[in-house]
Structure formats: structure tokens, C-alpha cells
Amino acid sequence: MDGPSQSVTLHSGDVTVLAFNVTGSADSHSFLTARVERADNITEPGTFHITQQFDGVLSRFASNTRSATYSTQTLSFTSFGGFTLSKASHPPMQDGWWYLALLNTTGNVTVSWSLVSNYSYDARIIFLVLAALLGVVFPFISGTVFDYNNHRNWDQIKLDVWMSVMVNWVWRGEKRYPYHMLLLTVLVGVGAFQVVRARWSEMQMFGDRDICYYNERCYRPYDHYDVTVNNCASNLPFVVHGVILILYYSLCEAHCRSVGHTHYDYGLPYAFGLTLAGEGIGSFLYHICPSVIIFQFDTMFMFIISILQIVGIFEGYSARRDDIIYRYNMEFAPKSLEPNKVVCFFVGPVYFFNWLGSWSQSSQGLPLAIDVCFYLGFALWLLCILAWAGYKLEVVSLPFIPPPTPSQLATPEDGVVLERIFTPTSFTKVEKRNRHIAKVVLFAVYSTLCVVGMALTYAGLVPFSIYLLGTLIVAVMGLTVFTFVPLMRRLIVWVQLNHSGEAQTCGELQFWGTNTLVIVGVMGGYVLIGLVFSTVSLVFFTLFEDTDKALDAWTSREKNDECFVDNFYTAHDMWHVGASYSLMIMILLNVHIGKACRDCYLSYLSQTERETVKRISLRWKGEKLSTAAREGVRKVSEGTFGRVIRNRIHKQDAIDVVIEDITNS
């Protein structure tokens, strides 16, 4: 976009006016840029104006910069400032003489202007959508990796059943989470648009470009609306991936209905799809007029997605309302989280505190009394949430102590044999205690991070929205690792018990082959892909930041940077694409951990426990055990271990087989 330029030396109190003539701007796909740059290290901002109405306008600006409604644009600058005019801007781009004015500044500056004609963005947006559609492979990859036993039966899906699922969305499951999320999307979207529209209209009316924080070096206008079409369009991947998730889980639900499953609820997976699309809508509205006070609409659905991921992980080992009815979970387990409570005690307060926190750290700030009450209220809420989380995660309760193992009831000689045979099927008491200690330590570290982060936020060193979102992301990552690693361990144990080249199942996970390294590679590789997307997107978000809404507008413009891809997309747009992919990948993993379809995983558990019982019984036949050892195994098998097996496979015969084999060995 190089065009004519002129260097000017300014003196204090001077008003410098430059003029240039524009011709050939009739093409609707064109825009005019005007820039001012200064290398001098001057911190006091000057003002930069552009207009076609020279007579009287500049004189009025000297006394009142808002006196020329719709006829002029103005901004403050120290080292850089720029305008981009199109057919939809105020004033609109057209042929004729244009005037650039510099006021209240000194030093050597360079002013430049250029006209870009026959500009097209349609192909660039279509390419972005196609790039987002490539994400359709990840749901099927995750299903093949983590749920192969059910995915290989997808040919049983009936078209009429899937269409029924799509038409009658509430056929199975309460769908409370998606209904709540859909309501929040509508309410937040309408409110956000009203606020954003008011701020944007104010900028348009008075031409004050300091209201909205744009990257003026890569401002690509829309033909019919003066917004950054590149920054807005880059949110399409969120919407595309949200729709992909909804359609994918509709296929999962159709599969469950086609094969006769009765115990499933895809409400939370549907909610993930809605909130991911909602994030795209919220970010789109935010980029119409970016500023600190509007930033909450961009982060709102990021908060909700993080909260839902925490809920999803917790669903994996908690007891849902109908688990007892279907005999899925007969052991003690904390109750799953109710959607109404999640919205009232998590989503609502987070939205409220984020709004007050953004206002508190804005240039206007809050009165001291309100500010103190806000931070005290937030600290009290955070303390209650941490205490509640500790209770639900059983951090503050004693760990479950299983009944005596066979080695504790047998002779020392028998104990060696029994431990070798029986231990691979589950965690030992020592392992349970160690896991509990690790959970307590991690929870203590996380609580400390929350307190330290809050202190840094109060000191103004960390934006409140970033702190709030950061604590949620750390919680999601910690819970994912804490839950995922034991599941991989169980898979490795299962493969050790099943020396076969055929596909084997183990609870929530699926494995091809018998090599432990392959297990770690397949499962860990999928997670690694998600982490790569997350890391790359965060690099674009932090290291290539092109605006800073917490600073003054003229200081933020010093961060403005040229377009990053195809002379259209900025580095921030790459953050949108990478974040959308990383969220979708981790959501898919989260849903597998959460076990939306209990019947799907019952098939795994049934096959796993039956096969494990057979393997153990075969091992018993070759061992010489005392009467006390056999009696010890009988008591344990009739206790916790046997009850779990019977509850999961709904039959008595398998456990009877192992007891009979033991007593007759």
C-alpha cells in the first residue's frame, strides 16, 4: 500500500494541512488509507484529521474536536496513526480533494496516503471457511482412538433415526445444558450488540477513532458496514467447529438409538457445540468496536467453555441422576453437577465479576468504596467455590479404604503369588492413598495460584479477565491430566492382561496392538495435537499482540502491525483459528472422559471385566494356594471387586466362575 508521502517538520502550536486529490474511486471494492508516522521519542499525543470539507472544519476542531459530525475522522497518535476510508465509512470515500491536518504536535513526521482499487475479500473468507471445515476429521479421529468399539458399528445408524434426532431434538435426555447455553447466547448476544452498536455509532457520528481499538495498519473495511471484515470473519472457525460438534453428536445419539441404548445424555456435548459457536458470535461483536469495556463479551463464552469442561470431566466419575436406575454406578460417588447450579453459582457470578473487573481496570475506574466491595465480594465467592470444589473432589474427606486384599488374608508365601496375580486389575490401597495425596497437593497448589493471581490483579499487574480465564484454564488442564493419566494406565494394564494382536478394549480407551509405547503414542499423540494448536495460538495472542485495550488509544497504536497472511489476516486472526481448533480437540477428549453414553462404555466395561475374570481364573489354576488364601480371595471377590464386576456386566455367572476356579484349584 505504498503511495505518495510527504515529510513535515512541525512546531508547537502549528496547524499543518496537507491536500491530495483522489480519482478513480468509483469501484465499490476499494478503500483509501492515510497514515502519519513519527520516529521522534515524544510521549505527548498529537491529533490527526482527515476531511473533504476544508472551509471552517479545521478551525472548529481547534476548539472542539466533536463539532464536525460525520464529516471528519480524527485520532490521537504518538508514533503512528492511520485512517481507512471506504464507501461505508463516515465520511465516505469518493473522488475529490482530501485534507489531512496535524495539530498539537511537534517534531518530524511523515504523512502518506494511497488508494487501493479492485480489492476483494470473498475468496479469502471462503478459504478460511474451507480451512475450518478440515476440522471435521477430528471428531472421527477421536472416536476411533477413544471409542473404536462403538465407532466401528456406525454402519448401524439409520437415516430415519438420525433425521428424527435432528427434528425432535429433545427425544432423549433432558438437554438442560444446551437450553441454558442457547438462552445465554441469545441474551448475551442481544445485550452485547446493543452496547457495541452504541459505541460504534458514537465513533461514526463524531469521527473519534480513539473509541474503538483497531489495528489501523491492517484495517480491511466491509463494503456495506465500516468494520474490520478480516477480524470479524476470522471468528467463523468457532461457528463452523461448533456446528460440526453438534452434527457429530447428533450422529452419536442416532447411533445409540439405532442400537437400542437407553442410558445416554448428549446434553453436555451439544452445549459444547453451542458455546463454541457462541464464542465466535461474541468475538465477532467485540471486534466491531474493540475496547476494554466490551472485552467481556469476547471472553464470556471462553469462561463458559472452561466451566463446562470442568463439569464434563467431573461427569466421568460422578453419579448422574439416572445412573442408579440403570445400575451403571452402584458404588459411592459424588453427585454430578446440576445445570441450574452451574449457571447460578458459576456462569452468572463469573460474568458479573468479569464485567465489574473490566470496569474497575478501565480508564474510568470504579469509586473506591465500590471497588473495595467488589474485590471483597469476589474473594468471598472464590473462597466458597474452592471449598465446594474440595468437597466435590473429595479433597477434604478421607480416601476410600478398600477391603483387605488377598495377600493380607493369606500366608506370606501365598501373598507373593496373590499380589502378582490380583494387583493388575485395579489400584491398590497404597496407590489410592498416593493418588489422594497427589490430589490434595495439586489442589493446594491451585488454590495458592488463585490467591497469588488475585493479588497481582488487585495490584493492576494482570487484567482481571485474563486472571479469571487463566484460573479456569489451569483448572481444566489439571483435571484433564489427573483424569487422563490414570485412564492410560488402566489401558496399559489391560493390554498386559490380554496378549493378543487383535483390537482390545479397556474402559474408556481403545488400543491396537500390545505395545505400551504404542498406547502412549496413540493417546498422547492426539492430546499433543491439541496442545500444539493451543501453544501456537497463544504465541500469536501474546507475542504478536497488535493492540492493547488497557492502554491509551495512541499508545495502543504503537503496537499496530501489518497484515500477517495474504495481506488480509492479522496475527490476532491466527489466534482465532488456532484457538478454535484447540478448543474443539480438547472438547472431544473431554466428552470421552465424561462418558455421555453410559451404555457405550458399559459394553467396554463388560467385555473388559469378563475377559479379566477369565484371565485371572486361568492364572489361579496354575497356582498352589492354601485354604486361607482361597478363602481370602473368595471374600474379596464377593466384596468390592466382585460387586463392581457384577454391577457392570449385570450377571452373576462370571464372578461365580472365578470363585469356582479358585476353590477347585
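Glu37 is partly exposed, with a relative accessible area of 34%; on this scale, buried means under 20%, exposed over 50% and partly exposed in between, using a 1.4 Å probe and protein chains only. The model here is a predicted one, so local features need pLDDT of at least 70 and side-chain atom pairs count only at pLDDT 80 or more, while totals for chains, interfaces and linings use all residues. Residues are numbered from 1 along each chain as its sequence is written, and side-chain values use heavy atoms, with hydrogens and water left out.

Now for the charged pairs. The structure holds eight salt bridges, a salt bridge being a side-chain nitrogen of Lys or Arg within 4 Å of a carboxyl oxygen of Asp or Glu. One of them joins the side chains of Glu37 and Arg217, at 3.4 Å from N to O. Glu37 sits in strand β3 (residues 31–38) and Arg217 in the loop between α6 (176–206) and α7 (229–233), so this pair ties together parts that are 180 residues apart in sequence. Helices (H or I, at least four residues) and strands (E, at least two) are DSSP runs, numbered from the N terminus.

Another salt bridge pairs Arg124 with Asp566, and their closest N and O atoms are 3.0 Å apart. This one also links distant parts of the chain: Arg124 belongs to helix α2 (residues 122–133) and Asp566 to the loop between α18 (553–556) and α19 (571–594), 442 residues apart. Asp566 is partly exposed, at 48% relative accessible area. Arg209 and Glu216 make a salt bridge too, with 3.6 Å between the closest N and O atoms, and both of these residues are buried. Salt bridges with shared partners also join Arg35, Glu37, Arg217 and Glu562 into one network.

Next come two helices. The axes of α8 (residues 236–258) and α19 come within 9 Å and cross at roughly 20°; axes are lines fitted to C-alpha atoms, for helices over the stretch in contact, and angles run from 0 to 180 degrees between N-to-C directions.
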